[in-house]
Amino acid sequence: MKKGNLIYSLMVAGLACSFCACSDDDIESVSVISADAVENTPLDYWLDVNYLQPYNIEIKYRYEYNESDDDYYTVPAQYDQAIEMAHIVKYSCVEAYDEVAGIDFTRRYFPKLFYLEGEWHYMNNGTFELGTAEGGKKINLMGVNYIDQYKRDINDLNTYYLKTIHHEFTHILNQTTDYSATYQLITPTGYVADSWSTAPNDSGYLERGFITSYAQHSHSEDFAEMMSTYVTNTAEQWEAWMQQAAGTADNPQPGRGYLETKLQMVKDYMRNTFNIDLDELRESVLRREQDIVDGKIDLSDVTVITNDEN
C-alpha cells in the first residue's frame, strides 16, 4: 500500500508554549475514545447528513487504535475542534472541488475517510508530520486541537491544515491516474530524499526549481507540492516566488523556467485527466478560505434539519 507523507520542517520548540497542564475545565463532556457502543453526538448526526449521505465520506474524530500510527504518541481530537475542522474541510475543500469539477468528481475521487488527530506527529529531526494519505482512500489530518489558534489567518490555515489536504488529495489522484514520467526529468538531480530539511537544501530551493524545500524529497512530493502550493496562494505571491526563482541580473538562475514547466504539466494533468482548470480551483479555494478567516462561516453549528422540521 502506497503511503504519501507530508512533513514540514517546522521546529518542535516553536510549539512548546502550546502545552499546558489540564484543569477540570479541560475535561471533555463528550467521549473522544471509540468504543463498541458510543452514544451518537450532534456532530455524528451532522457528519452523516453532510458527509456520509452526499459523498460517502466518513469523518472519524474519536480515537481509534487501528486508525492511528503506533510509531508516534497520538492525542484524540477535541470535540469542539473536530466540529470546526469538519466545517472547514467541507466548505473550503470538498465544496471547492464540487464547484469547479462537479459533485460526481468529488464523490468518486475524494478520500472516503478522514481521521482527525489532536496532535501532530513529531519526528526526531525537529520536524513534524501534518498529515498522511494511505491507499488512495484515507487522509490522517493532525493538529486539530490547534485550529482555534490558526483559523483566523489564511497563511496559518493553509500551512497547518488546508494545503496538507490538497497535497494528500493530489497523491490520491496520482494513485488513480499517474502523471507523465517526463515530470521527474525536469530537475532529475535535485531530489535529495530525507535531506530536504537540512543545509544546504533548506534554502535556495526556488532558484533550483522547487516550490518548497519539501518538494526536493522526490518527484511525487514535488508534484503534490506544486499542486497544493499553487491552489492555496494568490497570483501575486506566486509571481513573487517566480521572480526570486529567476535570480538577479547579476546572478541569473534557472529556477523560474523549471517551475513554469512543472506548473504547466500539473495544469495539463488536471485538465486532461479530470477536466479541472487549476486557476478556477485556486479562485474557489482562496475565496472560500477568506470566508472562513473573515468569520462568515459558522464553524460551530451542527444543527440537522429533518423533514419534520420543514
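This is a predicted model: local features need pLDDT of at least 70, side-chain atom pairs count only at pLDDT 80 or more; totals for chains, interfaces and linings use all residues.
Q: What share of the contacts in the protein with a separation of 6 or more comes from residues 24 or more positions apart?
A: The protein has nine helices and six strands. Of its 310 residues, 51% count as buried. Among contacts with a separation of 6 or more, residues 24 or more positions apart account for 75%.

Q: What span should helix α8 have at 1.5 Å a residue, and what is the distance between its end C-alpha atoms?
A: Helix α8 runs over residues 255-274, which is 20 residues. The expected span is 1.5 Å times one less than the number of residues, so α8 should span 28 Å. The end C-alpha atoms agree with this, being apart by 28 Å.

Q: Which helices are included in what covers the buried residues of α8?
A: The buried residues of α8 include Leu 259, Leu 263, Val 266 and Met 270. Residues three or four places apart in an α-helix point the same way, because there are 3.6 residues a turn. The cover over the buried residues of α8 includes α3, α5, α6, α7 and α9.

Q: Are α6 and α8 roughly parallel or roughly perpendicular to each other?
A: The axes of α6 and α8 are 10 Å apart, and the packing angle is about 80°. Angles from 65 to 115 degrees count as roughly perpendicular. The two helices α6 and α8 are therefore roughly perpendicular.

Q: How many nonpolar, polar and charged residues are in the contact of α6 with α8?
A: From α6 the contact takes Asp 222, Phe 223, Met 226, Met 227 and Tyr 230. From α8 it takes Leu 259, Lys 262, Leu 263, Val 266, Lys 267, Tyr 269 and Met 270. By class, the contact of α6 with α8 has nine nonpolar, no polar and three charged residues.

Q: Which class does the angle between α7 and α8 fall in?
A: α7 and α8 have axes 7 Å apart and pack at an angle of about 135°. Roughly antiparallel requires an angle over 145 degrees. The arrangement of α7 to α8 is therefore oblique.

Q: How many nonpolar, polar and charged residues make up the contact of α7 with α8?
A: Trp 238, Glu 239, Met 242, Gln 243 and Ala 245 are the α7 residues that meet α8. On the α8 side are Gly 255, Arg 256, Leu 259, Glu 260 and Leu 263. The contact of α7 with α8 divides into five nonpolar, two polar and three charged residues.

Q: What is the handedness of the crossing where α5 passes α6?
A: The axes of α5 and α6 come within 8 Å and cross at roughly 130°. That makes α5 oblique to α6. The crossing of α5 past α6 is right-handed.

Q: Which residues is Asn 158 in contact with, leaving aside neighbours within four places in sequence?
A: Asn 158 lies in helix α5. With 5% relative accessibility, Asn 158 counts as buried. Its contacts beyond those neighbours are Lys 163, Thr 164, Thr 232 and Glu 289.

Q: Which residues does Leu 278 touch, not counting residues up to four places away in sequence?
A: Leu 278 is in helix α9 and is buried, with a relative accessible area of 2%. Its C-alpha atom is separated by 8.4 Å from that of Met 227, 51 residues apart along the chain. Leu 278 touches Met 227, Tyr 230, Val 231, Leu 263, Val 266, Lys 267 and Met 270.

Q: What is omega of the peptide bond from Ala 199 to Pro 200?
A: Pro 200 is in the loop between α5 and α6. Most peptide bonds are trans. The bond from Ala 199 to Pro 200 is cis, with omega near 5°.

Key. Residues are numbered from 1 along each chain as its sequence is written. Side-chain values use heavy atoms; hydrogens and water are left out. Helices (H or I, at least four residues) and strands (E, at least two) are DSSP runs, numbered from the N terminus. Buried means under 20% relative accessible area, exposed over 50%, partly exposed in between (1.4 Å probe, protein chains only). Contact means heavy atoms within 4.5 Å. Axes are lines fitted to C-alpha atoms, for helices over the stretch in contact, and angles run from 0 to 180 degrees between N-to-C directions. Angles under 35 degrees count as roughly parallel, over 145 as roughly antiparallel, 65 to 115 as roughly perpendicular and the rest as oblique. A crossing is left-handed if the near helix is turned anticlockwise from the far one by less than a right angle, and right-handed if clockwise. Ala, Val, Leu, Ile, Met, Phe, Trp, Tyr, Cys and Pro count as nonpolar, Asp, Glu, Lys and Arg as charged, and the others, Gly among them, as polar.
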